[in-house]
Number of protein chains: 2
Amino acid sequence: MGENAGARAKRADARRNEKTLLDAASAVFVDSGVDAPVRDIATRAGVGVGTIYRHFPTRADLIIAVYRHQVEACADAGPKLLADNDSPHAALARWIDLFVDFLVTKHGLAGIMQSDHSGFEALHAYFLERLVPVCTELLDAAAKAGEIHTDLEAVHLMRGVGNLCIGAEADDSYDARRLAGLLITGLRQAE
Amino acid sequence: MGENAGARAKRADARRNEKTLLDAASAVFVDSGVDAPVRDIATRAGVGVGTIYRHFPTRADLIIAVYRHQVEACADAGPKLLADNDSPHAALARWIDLFVDFLVTKHGLAGIMQSDHSGFEALHAYFLERLVPVCTELLDAAAKAGEIHTDLEAVHLMRGVGNLCIGAEADDSYDARRLAGLLITGLRQAE
DNA sequence: TAACTATACGGAACAATGTTCCGCTTGTCT
DNA sequence: AGACAAGCGGAACATTGTTCCGTATAGTTA
């Protein structure tokens, strides 16, 4: 059976609107940050708010959709870095830099990733599902090479790094990359 | 002239209400976290919301008032730790532990400390004003002893540590203290 | 092409929350 | 006791995310 078994195809206007919405959201996020009101996105796209919610059940789903590509790219970069670097620890450090750069350039995204932030469980879950395995691979490789401590799980490292990025884009003097780097450096320190 | 020159004394009921409010807020914060709605605090205190806003112009001011004592205690602990420890770096590490413990035990407080979080500038400013000088003192001592890098300002370290604490109380397996410790360890690492 | 129906749409309406406003109450002072 | 500033309660306003439903329309069929 085909790829749409049991599900009717979307109407043409619906498909068009979905793309319009993604573009509008993307633009608004750049202008006003990820916290921008849903209404602003609807206005920019020239549709009603109802239309947004039909396509994306929740604001978080819209955010996920907008950034899916970049998250995938970050995930894909992990194995590549591992292959290109002699030291797994160095690969880890670079991958973390990538992750930090991604978060910092998305006004407010890091702040929303907090697990306790209600209503964004889906966003949180997606990020973790996609990136934690990659981070685990890097950590395991570094551990196997005897470069780091083995008592920190990938989830917690990622969460820590994510937290470090909060508010970074609002203040040039605050260097999230530097702090995340300190974390990774600390991981290598001998007892 | 006396300590109230030019300012009339508060009415007795007003003074009573202020204390009632602080107690109620403190209790509600423990039960429901720092994000608890203003109305809940008003109800618990048995007053109208207007009364809260007359005493504390903004939710942030109420939060500051509730935790002022503990922030002062944390600030005072800095010099003491410096005096009691042979290694300034060790003193710094312990002081950071103190700071982390304070934030983590206040449900949601760390999350609110983010500078970009609008409406909480006063809270943010108070924390920094009071604690950054202490942290600077510790950092300077450690730098003088040649124990750490000197290129990280106290503001940024504190902000990073504060960020690391976000959401920590909601998840037992996430150990903010451990991550903050990693940061401090990383600070000592030689190039 | 003209009707028909499932799909999609717009935006008013609802709920939660911070904050402001104002008519009424109550200490305090004489 | 009377006057009046200080204080109070809570309705009302503004800003969000989200839901709902009457209306419009794309795609299908006669």
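## Fold of chain A

What pattern does chain A follow when it is read along the sequence? In this predicted model, the pattern of chain A is α-α-α-α-α-α-α-α-α, and the chain accordingly has nine helices and zero strands. The C-alpha trace of chain A spans about 60 × 50 × 30 Å along its principal axes.

## Packing of helix 1 in chain A

Helix 1 of chain A packs against helix 2 of chain A, and the axes of these two helices come within 8 Å and cross at roughly 125°. That angle makes helix 1 of chain A oblique to helix 2 of chain A, and the crossing by which helix 1 passes helix 2 in this chain is right-handed. From helix 1 of chain A the contact draws on T20(A), L21(A), A24(A), A25(A), A27(A), V28(A) and S32(A), while helix 2 of chain A brings D40(A), I41(A), R44(A) and A45(A). Sorted by class, the residues of the contact of helix 1 with helix 2 in chain A are seven nonpolar, two polar and two charged.

Helix 1 of chain A also packs with helix 4 (residues 59-84) of chain A, here at an angle of about 90° and with the axes 10 Å apart. That makes helix 1 of chain A roughly perpendicular to helix 4 of chain A. In this pairing L22(A), A25(A), S26(A) and F29(A) of helix 1 of chain A meet L62(A), A65(A) and V66(A) of helix 4 of chain A. By class, the contact of helix 1 with helix 4 in chain A has six nonpolar residues, one polar residue and no charged residues. A25(A) is listed in the contact with helix 2 of chain A and is listed again in the contact with helix 4 of chain A.

## Helices 7 and 8 of chain A

The contact is made by L128(A), L131(A), V132(A), C135(A), T136(A) and L139(A) of helix 7 of chain A, together with A154(A), V155(A), L157(A) and M158(A) of helix 8 of chain A.

## The interface of chains A and B

Where chain B meets chain A, 22 residues of chain B are in contact with 22 residues of chain A. On the side of chain B that touches chain A, the elements giving two or more residues are helix 8 (154-164) and helix 9 (176-188) of chain B, and helix 9 of chain B provides the largest share, six residues. That side of chain B is made up, by class, of eight nonpolar, ten polar and four charged residues.

Two or more residues of the surface near DNA strand D come from each of helix 1 (12-32), helix 2 (38-45) and helix 3 (49-55) of chain A, and from each of helix 1 (12-32) and helix 3 (49-55) of chain B. Helix 3 of chain B gives the largest share of this surface, four residues. The residues near DNA strand D divide into eight nonpolar, seven polar and nine charged.

DNA strand C likewise has 24 residues around it, and those that come nearest are N17(A), V47(A), G48(A), G50(A) and A12(B). At least two residues of the surface near DNA strand C are supplied by each of helix 1 and helix 3 of chain A, and by each of helix 1, helix 2 (38-45) and helix 3 of chain B. Helix 3 of chain A gives the most to the surface near DNA strand C, with four residues. By class, the surface near DNA strand C has eight nonpolar, seven polar and nine charged residues.

Methods: Residues numbered from 1 in each chain as written. Chains lettered and ligands numbered in written order. Predicted model: local features only at pLDDT ≥ 70, side-chain atom pairs only at ≥ 80, totals over all residues. Contact = placed C-beta atoms within 7 Å. Nonpolar A, V, L, I, M, F, W, Y, C, P; charged D, E, K, R; others polar. Near = placed C-beta within 6 Å. Axes fitted to C-alpha atoms, helices over the stretch in contact; angles between N-to-C directions. Parallel < 35°, antiparallel > 145°, perpendicular 65-115°, else oblique. Left-handed = near helix turned anticlockwise from the far one by under 90°.
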